[in-house]
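Take a walk through this model, one region at a time. Keep the sequence and the structure side by side.

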Amino acid sequence: MTVKRLAAATAGVLVTAAAIGAPARPTIPLFDAATIAARCDTELAKARATKKTIEARKDTDVFADWNRLSIQVQDFGYPVYLLQNVATDKATRDAAQACLEKLLPFETEVAQSVPLYQRVRAVRPKDAIDQTFKQDLIEKFEDGGATLPPDKRKRAQEIADEIERLGLQFSKNVNEDPTTVVLTPAEAAGMPEGWLAARKRDANGNLILGLDYPTVVPFLQNATSDAARRKVWMARYRQGGEQNLLLLDRALKLRYELAQLHGMPDFATYVVKRRMAQTPAAVNEFLGKVQTAVDEVEARELSELRADKAKFTGTDPAVPMLYRWDLAFHQERVRRARFKIDQEALRAYFPTDKSVLYTLTLAERLYGIKFVERKVPAWHEDVRYFDVFERVPGKDAAGKTGAVGKNAAGKPGAFIGGIYLDLYPREGKYNHAAAFPVRPGSTLVHRTPISVLVTNFDRKGLNHDELETLLHEFGHVLHGVLSKTRYADQSGTSVKRDFVEAPSQMFEEWARREEALRLFAEICPECPRLTRAQIEQLDSARKYGQGIVYARQREYAAYDMKLHTGVPPEAMATWAELEGKTRLGHVEGSLFPASFGHLMSGYAAGYYSYMWSQVLALDMLSAFDGKLMSADVGRRYRQTILASGGQRPPQALVEAFLGRKPNSDAFYAEITGRR
Ligand SMILES: [Zn+2]
């Protein structure tokens, strides 16, 4: 997932802009609750003043004006948005939420500015980048309501504001859900020592489980008691609660109304027309093909799991029902038996700190960059910060050429930007994995980017799925920090929604191939080493279960499209009906939509984007021609795809990188486990 909500707001003079040749190394400001509360209104007033000034201008470059306004708003708003998700104290998170509720409407205010719209329309773009930017802005004005009659424009603003507030509340309800599950030690049978030791206990020695990933995922994979798994599964699939279903239904109604204001039949049509897919029909056609491709694979995999359950429980193979809380458990058993892959045991192979170093080293070698850790103030003591430099030929302490970001004269290469890593779960923290582009770069004003990685990993080690997650999110981080776009609003991950997951999904491959994983031995000589045969087993184990994974992804995407097509149906009933038609059915009492955050963010009518992007991700991989560590291809990819952000259409970028039109062969091979 990538997070980008205050998508394009805006204002004023960039105070941190670096002087050319002596780049400043900006960091994220750490506001506390009082500062956020005190500054929120002033910042908004300043942004409005800037907007007014640039609306009245005639002779200046409107794109540069817009860029300054965007940056002014981002400099305050984006750190506040980050803090709403990661601040350690509830007061700061609450103040951040209250402030965002005030700031977010400004985005629509700008998008509804008729004078700015007219200024942008009158521009004759000086090159292709400005042409794309002009088109982006015109679409933003049209979608925001600048072209609507005043009464409809006002209503569009009210709707946008309310949707933003609903989204903030929804994610807060998920992040701060206080639900715990108390289990007796007997109910935790099957769990590894390390996991048991890390859990909280009550006075009677019972385990207290939260809903975070390091707790829930291993439990569902390993706990032998199906009754206990059911308890934990149910708590997880009720996260967010009934309250969130109400928020979701309200958002659906508002989105429908918004689409109608714009003369569109529904929300899906209104948003998909700006994406690569262009029409909901194209999305649905794609989802239909996915379903056809994976249907049999899923059926076969489920019957294998059912057989495993029969073996495990000693019942007649024809009898056992397979439940949703059985899936991960029996998948793990089959993977262990068939491929000798034990996800828990893999944690010894991938210690968390070494996995981070692995990821950084991969990026350094592929993209010709260098990460240098620096102590900077952060929101929590676990958070790490790295400066990112161009890698220049030089010598390190051991005399090894090119090993450090300093040249022979001891000067580092050009400063590129900064990254923060916030890796471990905490109470009240954003509870999935995401990249936050907190400071979008802009070459026009020499503004360097900062991206933040937020995950919820086990401190000791990662299993293979989590190593893929780390690389996935780091793919978004690199997209942000290696961006070299002229304007901040086209920076890095500010690409079309159905392209944004391509760089991140592509980077997952570096967790799968021997050539890349060999690096791990270099980084961690004391770690147990995966043999070539084990890596192949790991990949076979991953391919096993693809039918189940993609059938589920198709269901999520089809559900999302259904909610946003035509008059919105009731969210929970629609899910129960749709899930009820699947092979594993719907579990009465579970409330999956209450924690399906994508539906409340920029992924509304956009969940299909993951698979749509993956078509391009897997096709782009083919350029490496099996040589995953090729620095030549890596640099070309950095220059063509990552550096360009949203300043060229994705189709054109991918074609330029591949030297041909993209195709979906690799994707269909992947989802049917043939790749
Ligand atoms: Zn992602």
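This is a predicted model: local features need pLDDT of at least 70, side-chain atom pairs count only at pLDDT 80 or more; totals for chains, interfaces and linings use all residues.

Start with helix packing. Two packed helices are described by the angle between their axes and the distance between the axes. Look at helix H3, residues 90-111, and helix H6, residues 150-175. Their axes come within 9 Å and cross at roughly 155 degrees. That angle makes H3 roughly antiparallel to H6, since angles over 145 degrees count as such. The crossing of the two helices is right-handed.

Which residues in H3 meet H6? They are Lys90, Asp94, Gln97, Leu100, Glu101, Leu104, Pro105, Thr108 and Glu109. Across from them, H6 supplies Gln157, Ala160, Asp161, Glu164, Arg165, Leu168, Gln169 and Lys172. By class, this contact of H3 with H6 holds five nonpolar, four polar and eight charged residues.

Now step off the end of H3. Gln112 sits in the loop between H3 and helix H4 (114-122). Is Gln112 buried or exposed? Its relative accessibility is 10%, so Gln112 counts as buried, the cut-off being under 20%. Leaving aside residues up to four places away in sequence, Gln112 touches Gly144, Gly145, Ala146, Arg153, Ala156 and Gln157. Take Gly144 from that list. Gln112 and Gly144 are 32 residues apart in sequence, yet their C-alpha atoms are 5.6 Å apart in space.

Next comes a sheet. It is open, has three strands in the order S1-S3-S2, and its pairing is antiparallel. Strand S1 (181-183) and strand S2 (200-201) are the edge strands, each pairing on one side only. Three bridges join S1 to strand S3, residues 207-209. In one of the pairs, Leu183 has Leu207 of S3 as its bridge partner. Helix H9, residues 226-236, packs on this sheet and touches S1 and S3. The direction of H9 makes about 165 degrees with that of S1.

Move on to Lys340. Most residues other than glycine have a negative phi, and most peptide bonds are trans. Lys340 is not a glycine, but its phi is positive, about 55 degrees. Lys340 lies in the loop between helix H13 (327-339) and helix H14 (352-367). With 63% relative accessibility, Lys340 counts as exposed.

His446 also calls for a look. Its phi is near 55 degrees, a positive value in a residue other than glycine. Where does His446 lie? The loop between strand S7 (434-439) and strand S8 (450-454) holds it. His446 is partly exposed, with a relative accessible area of 39%.

The flanking strands run antiparallel, and four bridges join S7 to S8. Phe436 has Val452 in S8 as its bridge partner. Six of the six residues of S7 are buried, so S7 is largely enclosed by the rest of the structure.

End with another helix pair. Helix H19 (residues 546-563) and helix H20 (residues 571-580) pack at an angle of about 140 degrees, their axes 11 Å apart. H19 passes H20 in a right-handed crossing. From H19 come Arg552, Glu555, Tyr556, Ala558, Tyr559, Lys562 and Leu563. They meet Ala571, Met572, Thr574, Trp575, Leu578 and Glu579 in H20. This contact has eight nonpolar, one polar and four charged residues.

How values were computed: Residues are numbered from 1 along each chain as its sequence is written. Side-chain values use heavy atoms; hydrogens and water are left out. Axes are lines fitted to C-alpha atoms, for helices over the stretch in contact, and angles run from 0 to 180 degrees between N-to-C directions. A crossing is left-handed if the near helix is turned anticlockwise from the far one by less than a right angle, and right-handed if clockwise. Contact means heavy atoms within 4.5 Å. Ala, Val, Leu, Ile, Met, Phe, Trp, Tyr, Cys and Pro count as nonpolar, Asp, Glu, Lys and Arg as charged, and the others, Gly among them, as polar. Buried means under 20% relative accessible area, exposed over 50%, partly exposed in between (1.4 Å probe, protein chains only). Two strands pair if DSSP finds at least two bridges between them. Angles under 35 degrees count as roughly parallel, over 145 as roughly antiparallel, 65 to 115 as roughly perpendicular and the rest as oblique.
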